[in-house]
Amino acid sequence: MSDELRYDGKVAVITGAGGGLGRSHALLLASRGAKIVVNDLGGSVDGSADGSLGPAGKVVAEIKEAGGEAVADGHSVSTPEGAAGIIRTAIDAFGRVDIVINNAGILRDKSFRNLTPELYDPVIEVHLNGSVWVAQAAWELMREQKYGRIVHTSSAAGIFGNFGQANYGAAKMGIVGLSNVLAVEGAKYNIKSNVLAPGAKTRMTEDLMGTGGGTIDMDPSLVTPIVAYLAHESCSVNGEIYSAASGRISRVFIGVTKGIYEKDLTLESVRDRIEEIRSEETYSVPKSATEEMALIVPHLKAQAKK
Ligand code: NAI
């Protein structure tokens, strides 16, 4: 097909790519010509078991068998040193980094009242800190080459809320904040940063979704096309969030309602006008904090004229 999207000459680092969604992303990008660093430290869903290069190595073998190029990397994403090691693997093997897909993750679910530092800290370290440090390790290279595509992995659990996932939800919404800032800072270097909120049957979710052959196809390969698009040179969007599961893709956005303006605002007028403040009838979707601030300028100007 002549209009096929390809990644020839591009190098992609994909974290947590030894299985599940990361493996699926790695296979598609490799099949379209990208050279892949398959990062994964192995280990269990809760991040406690000793890791190994086994899962990453298997995905590398799959890619090579299909005629692609890939190397395995076993560093942990969760420290600056580990993250630097992952990017070093890419430079040593392929000489550059064009794409970072922050995908590595663990779960330690517990209702909020029972949350402990042992359940909270590792989840923040892998998801949020890992996304920060891996992106930062590649950042200078991307700035210098004036090119980069970063795709982070968030979750509906953080964006919309989910029972028993305060640790995970905090990390996953933190990732949205990270991506929004990288989108602003990277814009003039042609670095684009976007977020995926996926749904797929993997070892992480099979308890939730069951192991039986249901009629709904939750294969990770039905999530990967949006990730691959966000990682492609032709990607037209920056600082956005996409929800993808089972072949359905939507954009998630953070909007601000038109609200109300009163020069001498009082507590009682908030009470009296709360539904007007909340109304989603008219809203904006600012691309930055500056754009959001700018929304009050017309009110201030109108006020000044009086
Ligand atoms: P998975 O458990 O198959 O994949 C996660 C991978 O990350 C594992 O292979 C694991 O070994 C690796 N990993 C864990 N800690 C690591 C570390 N410190 N350094 C490097 N690698 C590490 O699960 P799945 O479902 O493929 O998850 C991928 C991402 O998608 C995660 O960030 C997850 O939170 C997110 N997600 C998945 C959903 C789903 O429906 N499967 C829903 C919402 C978000």
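Tutor: A charge sits over a ring if NZ of Lys or CZ of Arg is within 6 Å of the ring centre and within 35 degrees of the ring normal. In this predicted model, local features need pLDDT of at least 70 and side-chain atom pairs count only at pLDDT 80 or more, while totals for chains, interfaces and linings use all residues. Residues are numbered from 1 along each chain as its sequence is written, and side-chain values use heavy atoms, with hydrogens and water left out.

Student: Which residue lies over the face of Tyr147?

Tutor: Lys10 does, at 5.0 Å from the ring centre.

Student: How many aromatic pairs does the rule give?

Tutor: Rings of Phe, Tyr and Trp (its six-membered ring) pair if their centres lie within 6.5 Å; planes under 30 degrees apart are stacked, over 60 edge-to-face, and the rest tilted. The count here is one aromatic pair. Phe253 and Tyr283 are stacked, with 5.8 Å centre to centre and 25 degrees between the planes. Phe253 is in the loop between β8 (248-252) and β9 (256-257) and Tyr283 in strand β10 (residues 283-284), so the pair ties together parts 30 residues apart in sequence. Helices (H or I, at least four residues) and strands (E, at least two) are DSSP runs, numbered from the N terminus.

Student: Which residues come nearest to the ligand?

Tutor: A residue is near a molecule if one of its heavy atoms lies within 4 Å of it. The ligand has 29 residues around it, of which Leu21, Asp40, Asn103, Tyr168 and Thr202 come nearest. At least two shell residues come from each of α1 (20-31), α4 (117-145), α6 (166-186) and β6 (191-199).

Student: What polar side-chain atom distance does Thr202 have to an oxygen atom of the ligand?

Tutor: A polar contact is a pair of N or O atoms within 3.5 Å. For Thr202, a polar side-chain atom lies 2.5 Å from a ligand oxygen atom. An N or O atom in the side chain of Arg203 is 2.9 Å from an oxygen atom of the ligand, and a backbone N or O atom of Ala200 also lies 2.9 Å from a ligand oxygen.

Student: Where does Asn190 lie?

Tutor: Asn190 lies in the loop between α6 and β6. Its phi is near 55 degrees, a positive value in a residue other than glycine.

Conventions
Polar contact = N/O pair within 3.5 Å; in protein donor to acceptor, adjacent residues only side chain to side chain.
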